[in-house]
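Me: I have a model open and want to learn how to read it. Can you take me through some features, starting with the general idea each time?

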Amino acid sequence: MKFYDGAAPNPRRVRIFLAEKGVEVPTERLDIPKNEARSPAFLKKNSLGAVPVLELDDGTIITESVAICRYFEELYPDPPLFGADAVERAKVEMWNRRIEIEIMTNIGAVALHTFDFFKDRVMQVPAYAEAQRETSMKKLAWLDGELADGRPYLTGDRFSVADITGMTASMIAGFVGIEIPEELSNLRRWDDRLRSRPSWDA
Ligand SMILES: N[C@@H](CCC(=O)N[C@@H](CS)C(=O)NCC(=O)O)C(=O)O
């Protein structure tokens, strides 16, 4: 198998996941700014021109960071990062989607609509970026409220792929200068906990 990687948030989700599992996979790192993920050869692997991509020995291609993580979860079930029973699995799915949709997409839009890097990739609307920056602050306050019960991780006591999505959102927030306000102490506590994991540097 080969893992097509890149210096960017979504491939990093898979890198963190693999680090948490203690698994090493043959990897090729594409140079995203040099458009290597959009080369004709790579578009045959992923028609969306993006990493991460996992290519299996029989030629099967898996794209989408969470789908790749799910595949590795099947191969290496310990420690469980998608939940250990029916309720946990549902909560992981719930929280992963909540973090992607409510947090990461909003923060990501700030980057997409302002960074020069994306100007040929999306139709940029700077006013939309500003609106999303404001929305992001409201969503962070919402998440702080959710974490007010003091649980260490999104789904409870167990770290999961939903927290990994949170780590990625936190990284993107850093790129666009969104900081967690001092008063959102529950969120800060969770973010500090994630940053202290060795996999943060994956
Ligand atoms: N939904 C996809 C998103 C993949 C994606 O957007 N990848 C970006 C890096 S974070 C990419 O490879 N971009 C290549 C380019 O813009 O040329 C996932 O979760 O894997």
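Predicted model: local features only at pLDDT ≥ 70, side-chain atom pairs only at ≥ 80, totals over all residues.

Me: Is T165 buried or exposed?

Reply: Buried means under 20% relative accessible area, exposed over 50% and partly exposed in between (1.4 Å probe, protein chains only). T165 counts as buried because its relative accessibility is 0%. Beyond neighbours within four places in sequence, T165 is in contact (heavy atoms within 4.5 Å) with R13, N96, I99, E100 and M104.

Me: How do I read the interface between domain 1 and domain 2?

Reply: The size of an interface is often given as the accessible area lost when the parts come together. Buried area is that loss (1.4 Å probe), summed over both parts. The domain bounds, from an automatic or database assignment, are 2–75 for domain 1 and 86–201 for domain 2. Between them they bury about 1,400 Å², 59% of it on carbon and sulfur atoms. R12, R13 and E20 supply 42% of the area that domain 1 buries against domain 2.

Me: How many salt bridges are there between domain 1 and domain 2?

Reply: A salt bridge puts a side-chain nitrogen of Lys or Arg within 4 Å of a carboxyl oxygen of Asp or Glu. The count between these domains is 3. R70 and E93 also meet in a salt bridge through their side chains, at 2.9 Å, N to O.

Note on methods
Residues numbered from 1 in each chain as written. Heavy atoms only, no water. Buried area = accessible area lost by both parts, 1.4 Å probe.
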